[in-house]
Amino acid sequence: MNKPPGEEPRDELTVTPPKTWAAGVPAVVHALEYSLRKTSPLNTGVDLLTMNQVGGIDCPGCAWADPAPGHRHRNEYCENGAKHINDEATTRRVTADFFREHSVSELSRRSDMWLNDQGRLTEPMVKWPESDHYEPISWNDAFGLLSAELTSLDTPDEAVFYTSGRASNEAAFVLQLFARALGTNNLPDCSNMCHESSGFALHETLGTGKGTVGLQDLHHADLIFLVGQNPGTNHPRQLSALEQAKLNGARVIAVNTLPEAGLLRFKNPQKARGVIGRGVQIADRFLHIRAGGDLALFQALNRLLLEAEDDRPGQVLHHDFIRSSTSGFEEFSAHARTLSWDDVLTATGLTRKEIEQVRDDVLRNERVVVCWAMGVTQHKHGVPTIREIVNFLLLRGNLGRAGTGACPVRGHSNVQGDRTMGIWEQMPDVFMDALQREFGFDPPRAHGLDSVNSIRAMREGRIRFFLALAGNFVRAAPDSEVTEAAMRNCRLTAHISTKLNRSHTVCGRTALILPTLGRTERDIQAGGEQFVTVENSMSEVHTSHGRLRPASKLLLSEVAILCRLARRTLDGGAGIPWEQFEADYGTIRDRISRIVPGLHDFNRRVARPGGIQLPNPVNEGVFPTATGKAMFTRNAWEMPHLPEGHLLLQTLRSHDQWNTVPYTRNDRYRGIHGSRRVVLVNPDDLAELGLAEGQHVDLVGVWSDAAERRAEDFEVVPYPTSRGCAAAYYPETQVLVPLDSVADISNQPTSKGIVVRLEPVPARSSTTSG
């Protein structure tokens, strides 16, 4: 066994110029170096050669789609995916001896990176109420403890079941089935905190909460918008699709508060031009927008398109599509023409000429795709912004035909699949009716709690039981101190996990760690070797087959843990065949096939190379909205308000990070090395605030509840952020996101719109470890 790392090094920041291109040979080198530090050469080879291949392991990182079978590269993965899969395949182990040596109090003071570096969890552990240490517990006793707590609840709604996008379709389906058979819809998930605004906006306007594009649409688009996203770090394989689009003649417009390397130029390490050449320029036009200004930008573009139609009647808008397939155009048009250019320029920080040049790009190109990510969704007006993007697409008929569409880019492997499987606190009656027909019980119909409302309920003492299926809830959630205090109010907290994280150190009165198989590992059940399925951002469902030996003989699969808990708790209630489900995951898929539209004949169809393409009604000319048509909407102009002397902070990931887990303290694309406690600020803003490069500051959040939220000791780095905006790494800055600062309609935390002031602290030579 590899010896776990010892004491944490102190941060020693060095800053180099930001990169102007992404990937290339350095990406390959960094991926291999990290992988070989974590696991054996054999495991590295098995993982990488089977990753994202037919019959292989689906990348547990981002949810980007794979090319069609026969068109995949032998090395169909990115740097971050390679790091993530081999981080899971680490040879380091966390045993009972580790927990005897380290108290929960000590572990709670450790960084996210240190906790992750300790290795794979190997056996179930319990922390009893009066103890400060985890100790071993048998699986039988663990299930007894969990079921006893669940059956003692005054109401099933005192329980919360959280799901991360790491879970498989089969595990997600079993979890929601168990929760609903128990009697609750309290099913928060990670989508509540990343793309909930996308789901609400698309459901309202198009009748589906999912994107409408496939890889071929990106390849054959004439014009692609990348709005509020950083593909070079968060979904690097998107760069390959953009490269292909560029080679096919597409133009790309990047809209971002930071000039990210992946938006500038891509050197594909799988091709000669990416190894010895300059690669491919990605963005033809870069709009250096202020945070939260995307709504005003698309409102301005829509007004300009309407005015262009006035000048050239019948030559700009797609009138046949508008008449036959949309509703609300006249009301939208009248509202759009009231937009003030002063408001637009204030909100965006752009010039009118820059916006008019984008309009000219739109008029010259027939097929348009708009991609967006959390730079759009994590604002108070995230839902109106996405509705305005839909308005933009509707005006010229850029939906439902090849090379066009709406593309919300999900950042986690199976987060979209979780929702398809029923992980949502607001599942529609049609899904509940199908569950009732299939299993013979009436699931609860009252809406349950999402992530934010779950934290509120825990804070108020209304939740006694919290179970997380993967993820790191307390670090992904907003308002870190409030969330952790709320979690400690629970009587029992339990986490189904592969590796140690901070959520394990924030315990209810009793706490359990339930170690599970990783996606890389072979899953042998009574019915033989099993595979699982996942759904990517483009609604393709396909298989994932683990290849490695399990990290411990005591690990159970996610499905096995949930099925055994359900059997123990429900004692045969509802007549659900939990034992069959555990023995043969095909029996789960058989039931799914009769409940989820598009997954009929699930077992046979998903076994085919490429899997199953779920139907999207928009691409069939169907809009299951309130009007039966795609809906134009009227969205009030809005922008974040900044008091004098304050900045609008957005949280972001470093390049060497996956979700809440940093792999190193470096962010080489942005030129940050050795520290994560940095705040990136425009040099002009620094001068105006009287701050200097290298100065240490506390980030102090300003919110209407008057409570002070403080992230201490960050080093100032001049960076080409938009004026009035700053950026710092997540999850270190989650402490600044107020629990009650949420997006209108979707209730999603506003992690890209945090009003802060920078408060100088005494000079010191280096930052604290973190």
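**Close-up views of a predicted model**

**Figure 1. Strand 30 and its two partner strands.** Strand 30 and strand 33 (residues 754–760) are paired in the antiparallel sense over five bridges, where two strands count as paired if DSSP finds at least two bridges between them, and where strands (E, at least two residues) and helices (H or I, at least four residues) are DSSP runs numbered from the N terminus. Within this pairing, Val 697 stands opposite Pro 760 in strand 33. Strand 30 also pairs in the antiparallel sense with strand 31 (residues 709–718), again over five bridges, and here Val 700 stands opposite Arg 710 in strand 31. Strand 30 itself (residues 696–701) is mostly covered, with six of its six residues buried; buried means under 20% relative accessible area, exposed means over 50%, and partly exposed lies in between, with a 1.4 Å probe and protein chains only.

The model is predicted, so local features need pLDDT of at least 70 and side-chain atom pairs count only at pLDDT 80 or more, whereas totals for chains, interfaces and linings use all residues. Residues are numbered from 1 along each chain as its sequence is written, and side-chain values use heavy atoms, with hydrogens and water left out.

**Figure 2. The surroundings of Gly 671.** Gly 671 is found in the loop between strand 27 (661–662) and strand 28 (672–673), and it is buried, with a relative accessible area of 0%. Leaving aside residues up to four places away in sequence, Gly 671 touches Thr 14, Val 15, Thr 16, Pro 17 and Pro 18, contact meaning heavy atoms within 4.5 Å. Gly 671 and Gly 262 are 409 residues apart in sequence, and their C-alpha atoms are 14 Å apart in space.

**Figure 3. Helix 27 and the residue that follows.** Helix 27 (residues 558–570) has 13 residues, which at 1.5 Å a residue should span 18 Å, and its end C-alpha atoms are 18 Å apart, in agreement; the expected span is 1.5 Å times one less than the number of residues. Helix 27 is mostly covered, ten of its 13 residues being buried, and among them are Glu 558, Val 559, Cys 563 and Leu 570. Asp 571, which follows helix 27, has a positive phi near 50°.

**Figure 4. The second largest cavity.** A search of the whole structure finds five cavities of 30 Å³ or more. On a 1 Å grid over the protein atoms alone, a cavity is a set of points where a 1.4 Å probe fits but cannot get out, a pocket is an open set with protein on both sides within 12 Å along at least five of seven lines, and lining residues have an atom within 4 Å of a point. The second largest cavity has a volume of about 220 Å³, a volume being the space filled by probe spheres set on the points, which are joined across faces, edges and corners. Its lining comprises 19 residues, of which Gly 518, Arg 519, Asp 523, Val 532 and Glu 558 lie nearest the centre of the cavity. By class, the lining of this cavity has six nonpolar, eight polar and five charged residues, where Ala, Val, Leu, Ile, Met, Phe, Trp, Tyr, Cys and Pro count as nonpolar, Asp, Glu, Lys and Arg as charged, and the others, Gly among them, as polar.

**Figure 5. The second largest pocket.** About 820 Å³ of space lies in the second largest pocket, which is lined by 31 residues, with His 203, Thr 208, Lys 210, Arg 419 and Thr 420 nearest its centre. The elements that give two or more residues to this lining are helix 9 (196–206), helix 22 (415–420) and helix 23 (429–439). The lining residues of the second largest pocket divide into 15 nonpolar, eleven polar and five charged.

Figure 6. Strand 17 (residues 492–497) and strand 18 (residues 510–515) run parallel and are joined by six bridges, with Ile 496 opposite Leu 514 in strand 18.
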